[in-house]
Number of protein chains: 2
Amino acid sequence: MKIVQTKAAPNPRRVRIFLAEKGIEVPFEEVDLMQGAQKTPEFTALNPFQRVPVLVLEDGTAIAETMAICRYFEALQPEPALFGKGPLAVATVEMWSRRMDLGLLLSVAQAFRHLHPAMAKLEVPQVAAWGEANKPRALEILKIMDEQLAGRRFLAGEHYSVADITGLVAVDFMKPARIERPPALENLARWYAEVASRPSAKA
Amino acid sequence: MKIVQTKAAPNPRRVRIFLAEKGIEVPFEEVDLMQGAQKTPEFTALNPFQRVPVLVLEDGTAIAETMAICRYFEALQPEPALFGKGPLAVATVEMWSRRMDLGLLLSVAQAFRHLHPAMAKLEVPQVAAWGEANKPRALEILKIMDEQLAGRRFLAGEHYSVADITGLVAVDFMKPARIERPPALENLARWYAEVASRPSAKA
């Protein structure tokens with residue numbers, strides 16, 4: 001078993017944090033997206049969508065998509081539960097996971113991909129107006145997170161979950177995307193300090 | 001219990017198909033997105049992200065996000081399993097669910113939202129170049145689906161799953177988004193004919 005990744009990209013980091021929280025060790029193999037490694041026939045056979053990370057099982061079966069890889073390991077080793085336990089917790093974690101994923105991380109990634117000169121070869125066409133439109137979206141979501149975090153420790157409640165992992169990775173990705181975290185958002189700052197100080201954040 | 005929706009929107013349709021496949025009946029309450037119903041204080045209290053659908057439980061707890069609502073009902077009533085059973089099936093369904101969701105449905109929705117005159121008030125700013133950039137993305141994904149469907153009945157294997165639901169809704173949403181399904185994609189056409197003819201597709 002191995003995970004094919006590009007270490008600097010945000011999605012592989014989500015998987016590494018997830019595995020660190022589970023205490024699971026899997027060997028990683030590095031490919032260089034900037035050099036077009038995802039476009040080779042070998043990589044395309046693993047993932048026709050040409051994205052990292054990809055989990056490759058012993059028999060060669062390939063599982064792409066960050067959340068699919070995380071769910072594979074959650075099903076193999078349910079504790080600690082990072083996708084919630086019981087219908088209401090499962091739904092609440094998924095709700096916040098998607099708000100972080102399709103909301104915050106996607107907005108930050110769009111700003112990065114459509115505005116950063118280093119992405120000109122990967123994001124074709126770069127649409128600067130769309131990159132700019134995503135910055136206020138990201139800031140709006142941070143404000144909602146701050147309001148919600150007034151009443152609880154983590155995004156989906158009192159337990160750390162995969163929603164916090166995506167939230168942390170998205171907030172850190174704001175730096176290369178050149179979006180500043182408003183310092184007035186104190187609940188967000190408290191949450192960030194806690195999730196960023198867990199040993200898994202360094203994975 | 002009730003689900004707040006806008007019937008014509010693609011995400012509530014995903015929930016209706018999911019519930020029909022499960023044989024679960026829940027009352028729906030209609031709100032009019034085009035009239036700004038999602039921006040009222042009442043609706044914003046249910047979902048600060050101002051989107052439909054929202055599941056409201058007896059005690060007032062609100063669960064937003066299509067996939068979170070579906071997972072709530074999957075956890076309450078596991079059969080028929082629409083998110084897969086066992087680690088490999090769970091991961092495979094999630095992989096295809098996300099490819100349909102963040103890949104196909106998102107591309108089609110971006111084309112619709114950024115190009116259709118009716119969306120000018122909801123999508124601010126409309127970035128036409130971004131809408132256009134999403135059309136070839138959608139077509140690329142259809143091509144990959146066609147290749148993959150050569151070897152199997154449904155997107156995630158031999159069992160119908162939530163990935164097929166999102167795939168069907170995304171393909172149907174291509175009509176208002178003005179993206180034509182290439183008739184040469186015969187495996188895709190066979191799959192579409194099967195999933196569109198299930199009674200749930202009319203839900």
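**Notebook: salt bridges within and between chains**

I started with Arg71(A) and Glu94(B), whose side chains meet in a salt bridge at 3.4 Å, N to O (a salt bridge being a side-chain nitrogen of Lys or Arg within 4 Å of a carboxyl oxygen of Asp or Glu). Arg71(A) sits in helix α3 of chain A and Glu94(B) in helix α4 (residues 87–115) of chain B, so this pair joins two chains. Helices here are DSSP runs (H or I, at least four residues), numbered from the N terminus.

A note on the model: it is predicted, local features need pLDDT of at least 70, and side-chain atom pairs count only at pLDDT 80 or more, while totals for chains, interfaces and linings use all residues. Residues are numbered from 1 along each chain as its sequence is written, chains are lettered from A in the order in which they are written, and side-chain values use heavy atoms, with hydrogens and water left out.

Next I looked up burial (buried means under 20% relative accessible area, with a 1.4 Å probe and protein chains only). Arg71(A) is buried at 11%, and Glu94(B) is buried at 4%.

I then checked Asp101(B) and Arg98(A), and found a salt bridge with the closest N and O atoms 2.4 Å apart. Each lies in helix α4 of its own chain, so this pair also joins two chains.

Lys22(A) is in helix α1 (residues 10–22) and Glu74(A) in helix α3 (residues 66–76), so the pair ties together parts 52 residues apart in sequence. Lys22(A) is buried at 5% and Glu74(A) at 11%.

For the tally, I have 30 salt bridges over all chains.

Methods: Buried < 20%, exposed > 50% of the residue type's maximum accessible area, 1.4 Å probe, protein only.
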